[in-house]
Amino acid sequence: MLGKIKNAIQGRLYKKCIEEYQKELRSQTDPYLLWIKETEHPVKTQQEFNAKIGVIDMENCGKNFSLSHITKDYLVFVSEEGRIAPNAFREIVQYFETHKDQNIVYADEDVWMLIEGENKETAHRIFPWTKPVWSPDTLFSFFYFGNIFAVRKAAFAGISWLGDEDYKKNIYDFVLKATECEGQPGHIEKVLFHAYKKGSSKEAIEQELMHSTDFIGVGSAYDGIRESALSRRRIAGKMILDNQTGISYPVYETPHTPLVSIIIPSKDNPKILEQCIRSIYAHTDYPNFEILVVDNGSAEHVRAELEEFQMECRFAYLYQPMDFNFSRMCNLGVSEAKGEYILLLNDDMEAIQDSWLTRMMGQAALEHVGSVGSKLLYPNSTLIQHTGISNTISGPGHKLKKMEDTVSYYYGRNRFIYDMIGVTGACLLMKKRHYMELGGLYEGLAVAYNDVDLCFRLYDKGLYNVLRNDVVLYHHESLSRGDDMQDEKKLKRLTKEKDLLYQRHNNLYRKDPFIGTLMNDGESEYHCRWLEGYELVNLSNGDSNVQEAKRLPRVESMNQAIMIAVEDCGKEKFVKAAGKRTYYLIKGWAFVPGADNARYQFKVLLVNGSGKVWELELQKRYRKDVAAILPDETNVEMTGFCCWIFEGSIPPDTYELWMTAKDGCSRQRLYRNTEKQLIIEK
């Protein structure tokens, strides 16, 4: 009888846990509406700015259009298929008046969803398009300024108008000419335009938008405009149409065909290395390259096999036993390289396209380019392995990984040539002089993030890292390879190296200027990210949700089943304007293996040197990326957490971080040391 009563009570408790979990999960399905609510505020009037602004519908910029009859100081070009945001004029005027050296600016935008059969006023906004900072190679691919940009009229009054019947060609030609003038275009990282889009449902509209490549500048119709731009810029090259995608790509010429040194680190991997080298010789129409294999200590029989393989395919073989350090191996190879250009290449790469190196070389030769990468697919498939590095809120990552390349994603992120914050060192081409000026790869990052660090340093020098999506290689990384986040040893190493990366590049912590803060979540897809709890809290009043707690039980009596990844732990670098209160941030994800995680409530425990404990409430966050790597676990979508401690809330000290999980259906409580420390400064 008692057993039945106990089971009934536990059943009700479990039902309540599941209902609360599902309710919270449902509430975290449309982060963009949350972002709008929390970050945009009503604008009362723009009258003082209206007088300085002239609005031009792009659709009216046909053959006979001219700027000469417009008397306004600033001209805003917009599509008539949408509406201007209420604060747009104010933002544009203020931008020009505070940036005297910039004469053209563009802004972010989104979509005003129009469900078929409904009134415009019943629709709402979806699908934000966050534009990158000035990206010359992206603009040469397509008109990423989109449906709104503005110019200082006096700066461009002398630009000749193309005068085509097609307004799209005129706009594209005008902007290419305008951006060739002195001063880079600016970017207002605010949503200032809402494009109308009709459809049967929100999902249908978003699907169409996600996979579209129908933008100004795409296709062979614009090749004449681009080739005229190349001529004006004195750059040798031609446009080549990809018949499969309908996209034209510039192929820049390198008349003197400088030597490219291909550096391939490898150890005890002869078959895959031989496949890589054979593919280079079989599928490379660029005529001037050398291959250097850097071996950090293969077995003698492997070494003998590779020395024999040199009779079939020519390459230099640098054999130097040492602990694995990708950076050191690449630097050793570069020190022996004779080429003007360096190509870092993994030994599990396979060339499949004759023009791959020719296209990468032409791009790398441009003066403004730092490094060039390619699109990588899993072997004999159309699954994406790499389309550039994005610096997400969770750290550097590969967007679109394991997604189908048969369709385009988010404004052609796997189709167009894009300027990026970084490209992978699995296939990275750059001028040797830049490599040497930077001191090569940083050897303090032996395994991970060394390529990201290199790209960050190129960006800091004002150079661009460029992804050529028209260049495709196979990457023989196993689809079934375990994820580092599921291996505790690898996770610790990965976290340590990520921390070191951001110590070296504090200016890029949680920032990617090429995707914007709104889209830099850690997921593979391009989706609006969730605002974290510490971003929403009013820091001008209210206190930290930290309180004293009971001492920890003896370690031998603990159930330490929790798996934990702490991604951030320290004094937050960005102080909110309201109240100027600094705070310490703890962020990551945690779950109980083999259990239904909807049952558990997690808390962070802070333990000082004398064993005194403080307890900190968490905010659960939706983590689709974590759920994806834990397909056999139950209810792990909400494994993310964040919490914060306002400065002055607890005494200065060095605290061990623990986590506890309470089962909502029983008295069970789990504990686990995160092996992280939080230093509260005096």
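User: Leaving aside neighbours within four places in sequence, which residues is Phe77 in contact with?

Analyst: This is a predicted model, and the contacts are computed from its atoms. Sequence neighbours up to four places away are set aside for Phe77. What remains is Ile56, Met58, Cys61, Phe65, Leu67, Asn147, Ile148, Phe149, Val151, Ile171 and Phe174.

User: Which residues have the most contacts inside the largest nonpolar core, and which strand gives the most to this core?

Analyst: The largest nonpolar core has 145 residues, and those with the most contacts inside it are Phe77 and Phe149. Phe149 is also one of the residues in contact with Phe77. As for strands, the one that gives the most to this core, with 7 residues, is strand 21 (residues 464–475).

User: How many residues are in the second, separate core?

Analyst: This second core is separate, and its members include Ala595, Leu618, Met659 and Ala661. Its residue count is 27.

User: In what order do the strands of the open sheet with 5 strands run?

Analyst: The pairing in this sheet is antiparallel. Its edges are strand 22 (546–549) and strand 30 (669–680), each of which pairs on one side only. From one strand to the next the twist averages 30°. The order is 22-26-25-29-30.

User: How many residues lie between strand 29 and strand 30 in their hairpin, and which residue is the bridge partner of Tyr655?

Analyst: Strand 29 (residues 653–663) pairs with strand 30 in the antiparallel sense over 9 bridges. Along this pairing, Glu656 stands opposite Gln677 in strand 30. The hairpin has 5 residues between the two strands. The bridge partner of Tyr655, also in strand 30, is Leu678.

User: Which strands are at the edges of the open sheet with 4 strands?

Analyst: The order of this sheet is 23-24-28-27, with antiparallel pairing. Neighbouring strands are turned by 20° against each other on average, direction ignored. The edge strands, each pairing on one side only, are strand 23 (563–571) and strand 27 (619–621).

User: Over how many bridges do strand 23 and strand 24 pair?

Analyst: Strand 24 covers residues 583–591, and its pairing with strand 23 is antiparallel. As one example from this pairing, the bridge partner of Val566 is Gly588 in strand 24. The number of bridges is 8.

User: How far from Cys528 is the nearest cysteine sulfur, and is Cys528 buried or exposed?

Analyst: The nearest cysteine sulfur to Cys528 belongs to Cys642, at 16 Å, and Cys528 is in no disulfide. The relative accessibility of Cys528 is 11%. Buried means under 20%, so Cys528 counts as buried.

User: With which side chain does the side chain of Asn450 make a polar contact?

Analyst: Asn450 is in helix 15 (residues 450–460) and is buried, with a relative accessible area of 3%. Not counting residues up to four places away in sequence, Asn450 touches Phe326, Ser327, Leu441, Tyr442 and Leu445. The polar contact, at 3.4 Å, is with the side chain of Ser327.

Notes: Residues numbered from 1 in each chain as written. Predicted model: local features only at pLDDT ≥ 70, side-chain atom pairs only at ≥ 80, totals over all residues. Heavy atoms only, no water. Core = buried A, V, L, I, M, F, W, Y, C linked by side-chain atoms within 4.5 Å. Buried < 20%, exposed > 50% of the residue type's maximum accessible area, 1.4 Å probe, protein only. Contact = heavy atoms within 4.5 Å. Pairing = 2+ DSSP bridges. Axes fitted to C-alpha atoms, helices over the stretch in contact; angles between N-to-C directions. Disulfide = S-S within 2.5 Å. Polar contact = N/O pair within 3.5 Å; in protein donor to acceptor, adjacent residues only side chain to side chain.
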